[in-house]
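Please study the sequence and the model before reading the solutions.

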Amino acid sequence: MQEVQANSLEEEKICNKRRRIEYEFSLGTRWTHWIRAFAIFVLTFTGFYLAYVFISPNPSDVPIGFLNAEFRMWHEIFGFVLIAVSLFKGYLFFIDKESRKERVAFWDVVNPIIWAKQIRYYLFLGEHPHLRGAYNPLQFVAYIGLYVMVFIICLTGVMLYVHVYHDGLGALLYPLMRPLEVMMGGLSMVRQIHHITMWGILLFVPVHIYMAIFNSIMGREGAIDAIVSGYKFGKPNCKKKKKKK
Ligand code: HEM
């Protein structure tokens, strides 16, 4: 019995040694991921403050404690960072050669067999399906949802921005944003949509982290490593060894 166990352990070691590393995410994809994650963190913190002022400035005789303006400034700075990075990510996704693996994942989304297999896998009823791209169909659809929310929050953010800064970009975008604001039912409504969308994003984040950890543990391919280093491990390949014997 012990001998059998030792043999299978030895075999597993050999299989793992044979695993090749695979290039999964380009530098651009990784940087845009982490910059957006940080921007969302800052925007949520400052956004909560703007919605409900929970810190007061140090008392002072002179009017220098413009804490609200400071929070709003950081909110707007990171707001434009989020907009810029999301636009760049859009460019990478559609145009960049290295993002091909992300694009081809779309073909699994329109394949009902892959959907069925993926759901069976998540219910612990079957093996993980072989995927064409970097994402499984559920993941891909969840990311589309996230991008829709990012689009809405950025658009409503700019609509709010043109009312708090009236020079430069604010002045340029004002005539473009005003009709949209009217269509949405007024500034108060825009603010509410902006706020509610934040909660949509906040629901996405823990599910995303849970699924990343789940896939990393269950898939044993270093799924989380890939968004840090760019590389993941290929599947263990034991067949070759048996043939050689
Ligand atoms: C994940 C991204 C974002 C989150 C979580 C977020 C969150 C929030 C929240 C909660 C508020 C307060 C709304 C309320 O009063 O109920 C707010 C206000 C605001 N946001 Fe955002 N926001 C985001 C992105 C943006 C972007 C991209 C911009 C564009 C520059 C932006 C610009 C603004 C402005 C100008 C205000 C109003 C500030 C004020 O009234 O003083 N936000 N945001």
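**Exercises with solutions**

The shell around the ligand divides into 16 nonpolar, seven polar and three charged residues; here Ala, Val, Leu, Ile, Met, Phe, Trp, Tyr, Cys and Pro count as nonpolar, Asp, Glu, Lys and Arg as charged, and the others, Gly among them, as polar. This is a predicted model, in which local features need pLDDT of at least 70 and side-chain atom pairs count only at pLDDT 80 or more, while totals for chains, interfaces and linings use all residues. Residues are numbered from 1 along each chain as its sequence is written.

**Exercise 1.** State which residues surrounding the ligand are closest.

*Solution.* Step 1: the ligand is surrounded by 26 residues (C-beta atom, placed from the backbone, within 6 Å). Step 2: the closest are G47, A51, G79, G157 and L160. Step 3: two or more shell residues come from each of α2, α3, α7 (137–164) and α9 (187–219).

**Exercise 2.** Describe how α2 and α3 pack.

*Solution.* Step 1: helix α2 (residues 27–51) and helix α3 (residues 67–95), both DSSP runs (H or I, at least four residues), have axes 9 Å apart and an angle of about 150°. Step 2: angles over 145 degrees count as roughly antiparallel, and α2 and α3 are therefore roughly antiparallel to each other. Step 3: their contact comprises 14 nonpolar, eight polar and three charged residues.

**Exercise 3.** State the mean pLDDT of the protein.

*Solution.* The mean pLDDT (the predictor's confidence in each residue, from 0 to 100) is 90, and 89% of the residues reach 70 or more.

How values were computed. Axes are lines fitted to C-alpha atoms, for helices over the stretch in contact, and angles run from 0 to 180 degrees between N-to-C directions. Angles under 35 degrees count as roughly parallel, over 145 as roughly antiparallel, 65 to 115 as roughly perpendicular and the rest as oblique.
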